[in-house]
Amino acid sequence: MMRFFKKFSDSLEEFRSLRNLTLMAMLLALNVCLSFFAIQPFPYLKIGFSFLSLTATGMMFGPTAGMILGAAGDLIGFFIKPTGAFNPLMTLVAATAGLIWGLLLYKNQCGLGRVILAKTLITAICNLIMTTAILCLFFGSVFAEIFPLRLVKNLCALPAEAAMAYFVCKTLVQIQKRIRRSASAVERDS
C-alpha cells in the first residue's frame with residue numbers, strides 16, 4: 001500500500017525539475033494537437049491518438065502528472081476547438097486515463113503485459129463505464145441501448161491502441177537510455 005502512495009509523491013516530485021516541466025509542457029501540447037486527429041476506418045469506429053501523449057506522460061512522470069496533463073489537455077483542447085457543450089465530467093475521464101497510465105507504467109515499467117493491462121483498464125473504466133454513463137446522463141440515452149455499440153467499438157480499437165502505446169513506451173525507454181549514456185559520456189570527458 002505504501003508503494004501505491006509513494007508513486008503519487010514521487011510523481012509530484014517530478015514537478016520540481018525545470019527539465020521535467022518543459023517535457024510535460026511539450027507532452028501537453030502534443031496531447032492537444034493529437035486530440036484533433038483520428039482515423040475512422042468504419043462509421044462507428046474512430047481511433048484517436050491523444051492517448052499516446054498520456055501514455056508517455058504516465059510512464060515518464062507518474063500518476064499525478066498523468067492526471068493533471070490529462071485534465072489540462074482535455075480543457076485546452078476543448079477551448080481551442082470545441083465540439084459541443086463543455087462537460088467537466090469528460091475532463092474527469094481524461095484525468096482518470098492519465099492516472100491509470102501513471103499507476104501502471106511509471107518509472108519505465110512498460111512491459112507488454114502492463115501496457116495491455118493499462119489500456120484494457122482505461123477501455124473498461126473510462127471508455128465503457130464512465131463515458132457511456134456520461135452520454136446517457138446528458139443525452140437521455142438508455143445505457144443498455146448504447147453500451148453494446150460502444151463495447152464493440154472499443155474492443156475493435158483496443159488491440160491497435162495497445163500496440164501503439166507499447167511502441168511509444170519502448171521507443172521512449174530507448175531514447176532515455178541513449179540520453180543517459182550521452183550524459184555519462186559527457187561527464188567522463190569533463
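This is a predicted model: local features need pLDDT of at least 70, side-chain atom pairs count only at pLDDT 80 or more; totals for chains, interfaces and linings use all residues.
Over the ring of which residue does the charged end of lysine 119 sit? I shall begin with that question, and the answer is phenylalanine 51, whose ring centre lies 4.8 Å away from the charged end of lysine 119. A charge counts as sitting over a ring if NZ of Lys or CZ of Arg is within 6 Å of the ring centre and within 35 degrees of the ring normal.

Residues are numbered from 1 along each chain as its sequence is written, and side-chain values use heavy atoms, with hydrogens and water left out.

The term pLDDT denotes the predictor's confidence in each residue, on a scale from 0 to 100. For this chain the average is 89, and 97% of the residues score at least 70. Helices (H or I, at least four residues) and strands (E, at least two) are DSSP runs, numbered from the N terminus.

Let us return to lysine 119. This residue is found in helix α5. Is lysine 119 buried or exposed? Lysine 119 is buried, because its relative accessible area is 4%; buried means under 20%, exposed over 50%, and partly exposed in between, using a 1.4 Å probe and protein chains only. Leaving aside neighbours within four places in sequence, lysine 119 is in contact (heavy atoms within 4.5 Å) with Trp101, Asn127, Leu158, Glu161 and Ala162.

One of those contacts, glutamate 161, also forms a salt bridge with lysine 119, and the closest N and O atoms are 3.1 Å apart. Glutamate 161 lies in helix α6 and lysine 119 in helix α5, so this pair ties together parts that are 42 residues apart in sequence. Glutamate 161 counts as buried too, at 8% relative accessibility. A salt bridge here is a side-chain nitrogen of Lys or Arg within 4 Å of a carboxyl oxygen of Asp or Glu. In general, side chains of opposite charge can pair when their charged atoms come close.

How many salt bridges does a search of the whole structure find? The search finds four. In one of them, lysine 6 pairs with aspartate 10, with the closest N and O atoms 3.0 Å apart. Both residues lie in helix α1 (residues 2-13), four residues apart, which is about one turn of the helix. Lysine 6 is partly exposed, at 47% relative accessible area, whereas aspartate 10 counts as buried, at 17%. Aspartate 10 also forms a salt bridge with lysine 107, where the closest N and O atoms are 3.4 Å apart. That pair links distant parts of the chain, since aspartate 10 is in helix α1 and lysine 107 in the loop between α4 and α5, 97 residues apart.

I turn now to the nonpolar core. A nonpolar core is a set of buried Ala, Val, Leu, Ile, Met, Phe, Trp, Tyr and Cys residues joined through side-chain atoms within 4.5 Å. The largest one has 31 residues, of which Met59, Trp101, Leu105 and Cys110 touch the most other members. Two or more residues come from each of α2 (18-34), α3 (51-80), α4, α5 (112-139) and α6 (143-189). Helix α3 gives the largest share, nine residues. Leucine 105 touches, not counting residues up to four places away in sequence, Thr55, Gly58, Met59, Cys110, Arg114, Val115 and Cys169.

Finally, the aromatic pairs. Rings of Phe, Tyr and Trp (its six-membered ring) pair if their centres lie within 6.5 Å; planes under 30 degrees apart count as stacked, over 60 as edge-to-face and the rest as tilted. Four such pairs are found in the whole structure. Phenylalanine 78 and phenylalanine 79 form an edge-to-face pair, 5.3 Å centre to centre with 75° between the planes. Phenylalanine 79 and phenylalanine 86 are stacked, at 6.0 Å centre to centre and 20° between the planes. Phenylalanine 78 counts as buried at 17% relative accessibility, phenylalanine 79 as exposed at 60%, and phenylalanine 86 is partly exposed at 37%.
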